[in-house]
Amino acid sequence: GSPIPVGIDVQVESIDSISEVDMDFTMTLYLRHYWKDERLSFRSNKNKSMTFDGRLIKKIWVPDVFFVHSKRSFIHDTTVENVMLRVYPDGNVLFSLRITVSAMCFMDFSRFPLDTQNCSLELESYAYNEDDLMLYWKHGNKSLSTDEHISLSQFFIEEFSASSGLAFYSSTGWYNRLFINFALRRHIFFFVLQSYFPAMLMVMLSWVSFWIDRRAVPARVSLGITTVLTMSTIMTGVSASMPQVSYIKAVDVYLWISFLFVFLSVIEYAAVNYLTTIEERKQLKKRGKASGMYSIDAVQAMAFDGCFHDTDVEMDLTAFSDRCEENETRARAASVSNVDTTRIKRKRSLKGNVGKIILQNNHVIDTYSRIIFPSVYIVFNLFYWGLYI
Amino acid sequence: SHIYKKNHDVTKTWKGKTEHLLRVDDHDFTMRPAFGGPAIPVGVDVQVESLDSISEVDMDFTMTLYLRHYWKDERLSFPSTTNKSMTFDGRLVKKIWVPDVFFVHSKRSFIHDTTTDNIMLRVFPDGHVLYSMRITVTAMCNMDFSRFPLDSQTCSLELESYAYTDEDLMLYWKNGNESLKTDEKISLSQFLIQKFHTTSRLAFYSSTGWYNRLYINFTLRRHIFFFLLQTYFPATLMVMLSWVSFWIDRRAVPARVSLGITTVLTMSTIITGVNASMPRVSYIKAVDIYLWVSFVFVFLSVLEYAAVNYLTTVQERKERKLWERFPCMCGIPHSKTMMLDGNYSESDANSLTGYTRNQMVPEEGKQEKMVVHLAMSNESNSSRKRGLKGHVGLRIIQNTHAIDKYSRLIFPGTYIFFNLIYWSVFS
């Protein structure tokens with residue numbers, strides 16, 4: 001005869017988890033069916049319904065609703081099958097189940113972690129197409145209710161809405177399909193604390209290098225390279241819990257540009273150091289000094305080779321050795337031998353060489369970098385947050 | 001033969017099978033006892049065997065318990081002279097009516113079935129039934145981590161009948177508050193189980209009506225020792241390590257920079273490590289506050305050294321410029337040049353130039369001194385020695401920049417103050 005109308009009512013108990021890596025979500029819900037079966041009507045003067053548990057189901061007809069695109073699902077069965085059947089005298093039946101279902105949700109991560117995901121759970125009858133069974137939301141949009149304290153730690157559940165549609169299968173025909181749609185907005189706070197903030201701090205730390213004396217070669221290099229290492233660690237940490245998608249995510253954009261800034265600060269110092277060396281060589285040629293020995297003070301010597309000197313040393317700036325003691329003894333020996341002529345030499349070195357070696361304490365590149373790097377980074381931040389929020 | 005005849009097979013001469021005894025086939029057990037009549041009261045008794053695990057990431061807990069139901073079904077009463085009960089295992093359950101209690105907000109649950117279903121049914125002659133089973137259930141527990149790891153979580157397991165409203169089935173705790181018992185040695189490694197207690201309430205479902213709901217509540221207080229050892233203590237040590245930098249000579253540029261930057265790297269690693277096993281919540285946790293404030297301290301010590309280094313370089317440049325104003329420095333003995341820039345000279349061969357005193361001597365003053373010392377150009381060695389003695393102390397003191405001096409006191413003081421506030425607020 002005519003198709004039997006089956007009303008559906010859903011109460012969502014909880015959204016258990018959303019998995020980005022598997023691109024699915026797990027939901028526990030009470031699924032209720034309402035239909036009329038005249039074969040089940042019975043006489044009653046009180047018009048009260050009869051309630052049964054799960055064992056009656058095997059003996060009567062129930063609709064065969066399933067979840068399209070579900071990966072795993074089960075009806076809870078502790079202590080007995082969580083199934084209820086309520087039969088009214090006129091043959092109306094209420095059939096309720098408690099189900100946990102894991103269903104697919106296609107997620108788009110191009111704005112991760114400032115993204116909103118739309119997922120939906122779809123119900124359909126497996127065997128009966130729309131000529132036999134008409135599935136509809138019992139109370140329209142109000143059929144979908146949620147428990148009071150339904151919440152996720154990482155997401156804000158924006159709205160639940162119910163909709164329905166028809167689905168066509170070429171081999172079997174048209175089926176009624178009901179949709180439970182919900183939108184999830186990700187809380188960004190965790191990612192700000194975990195990824196954005198450390199990345200920003202690392203970039204700021206790399207700017208510290210521009211304020212350090214450019215003669216401190218080991219200091220500036222280790223500062224630059226360690227910030228690169230930390231940025232790299234932060235980036236690896238974020239990618240660990242993400243699916244390997246083929247497009248760039250919003251957090252990737254931020255981290256890679258921050259990485260670029262840090263990288264450029266290392267390159268900047270390499271340029272400064274190279275240009276400084278060229279300058280010094282030019283000075284050397286100008287003064288026509290035969291040897292590469294310079295009388296430089298303890299501070300510059302310390303900045304240059306990282307070894308502690310407490311006295312002035314004569315050092316061969318071109319012959320840099322790793323061993324501090326070697327440097328020290330060589331320098332002292334050189335200086336001791338010059339005791340007699342020191343006064344004149346020192347005068348000259350004090351007046352001429354010292355002044356020329358400590359040419360200017362900053363290279364012009366450093367001076368500009370101190371302003372350019374921070375301002376470009378701030379402009380980038382304004383663009384990024386303006387675009388994505 | 002003879003032997004077999006002697007051993008009487010007791011079961012063969014029994015009056016009838018279990019079903020006949022209990023008259024199971026005479027009644028329709030798909031209907032509850034007193035169907036159509038008043039609600040049947042079902043008493044519940046729980047003995048908690050163990051709390052298997054608490055998961056922060058999934059926000060759930062797993063519990064194993066013995067769940068016992070007590071009700072009266074007159075259809076199961078049987079005549080008995082001794083008033084002794086009959087005990088059956090799980091196979092009778094399918095044939096009679098049992099309450100359909102389920103765990104609300106449970107994620108997964110199962111009745112243990114090794115070696116057979118862990119179910120017991122005990123029927124008394126007057127129709128009273130005791131129905132017991134052993135279940136492991138994983139249920140949701142909303143956890144609030146704003147005070148993690150100095151937090152206490154309150155979780156509850158909820159029992160309710162699935163099909164029968166409070167007009168058909170009344171669920172209640174059999175012995176009130178005493179219904180909940182726990183095994184003696186129930187304990188968790190990370191938590192202290194503060195108390196178990198029971199409550200009951202009514203729950204309303206808009207489509208199906210009012211149901212009786214029983215609650216098993218327990219409070220868990222987290223042991224902080226693990227986190228002290230794993231997170232707080234390393235963070236504190238890293239901050240203290242960053243203070244070492246203030247005591248190192250400011251001329252040791254690579255040393256101070258790499259000390260600062262490596263402590264920053266270690267703090268960053270500690271922070272990442274803590275968040276690995278935590279759910280991604282949208283608010284700040286107590287441990288986050290501590291780690292980030294410590295990170296800021298370590299970061300500031302790097303910035304402090306950048307400031308010291310920069311200011312020292314600026315000073316040095318000014319000194320150089322001043323030096324270059326005087327065209328002829330010939331014949332100036334050490335003492336004069338020492339007075340000029342406060343440098344320490346150990347011997348004729350060496351002199352320390354570089355970072356000098358903090359205060360800027362006004363140029364007029366310098367010139368005056370210069371003139372004075374030019375006039376004293378033929379001074380003897382004895383005055384030089386005296387000058388040497390005096391200026392050694394002067395020179396070494398000025399190897400410390402004022403910022404460093406203040407930082408040695410300010411950083412530890414502020415950090416100790418922060419610790420006092422933190423531990424008093426959260427403990």
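Colleague: Which residue lies over the face of B:Y70?
Modeller: This is a predicted model, in which local features need pLDDT of at least 70, side-chain atom pairs count only at pLDDT 80 or more, and totals for chains, interfaces and linings use all residues. A charge sits over a ring if NZ of Lys or CZ of Arg is within 6 Å of the ring centre and within 35 degrees of the ring normal. At 5.0 Å from the ring centre of B:Y70, the residue over the face is B:K174.

Colleague: How many aromatic pairs does a search of the whole structure find?
Modeller: Rings of Phe, Tyr and Trp (its six-membered ring) pair if their centres lie within 6.5 Å; planes under 30 degrees apart count as stacked, over 60 as edge-to-face and the rest as tilted. Over all chains, the search gives 57.

Colleague: What is the angle between the planes of A:F190 and A:F191?
Modeller: A pair of aromatic rings is described by the distance of the centres and the angle of the planes. The rings of A:F190 and A:F191 are edge-to-face, 5.4 Å centre to centre, and the angle between their planes is 90°.

Colleague: Is A:F191 buried or exposed?
Modeller: Buried means under 20% relative accessible area, exposed over 50%, partly exposed in between (1.4 Å probe, protein chains only). A:F190 has a relative accessible area of 9% and is buried. With a relative accessible area of 4%, A:F191 is also buried.

Colleague: How many residues apart in sequence are the parts that B:F297 and B:Y415 tie together?
Modeller: B:F297 and B:Y415 form an edge-to-face pair, 5.0 Å centre to centre with 75° between the planes. Helices (H or I, at least four residues) are DSSP runs, numbered from the N terminus. B:F297 lies in helix α5 (residues 286-325) of chain B and B:Y415 in helix α9 (residues 402-426) of chain B, so the separation in sequence is 118 residues.

Terms used: Residues are numbered from 1 along each chain as its sequence is written. Chains are lettered from A and ligands numbered from 1 in the order in which they are written. Side-chain values use heavy atoms; hydrogens and water are left out. Helices (H or I, at least four residues) and strands (E, at least two) are DSSP runs, numbered from the N terminus.
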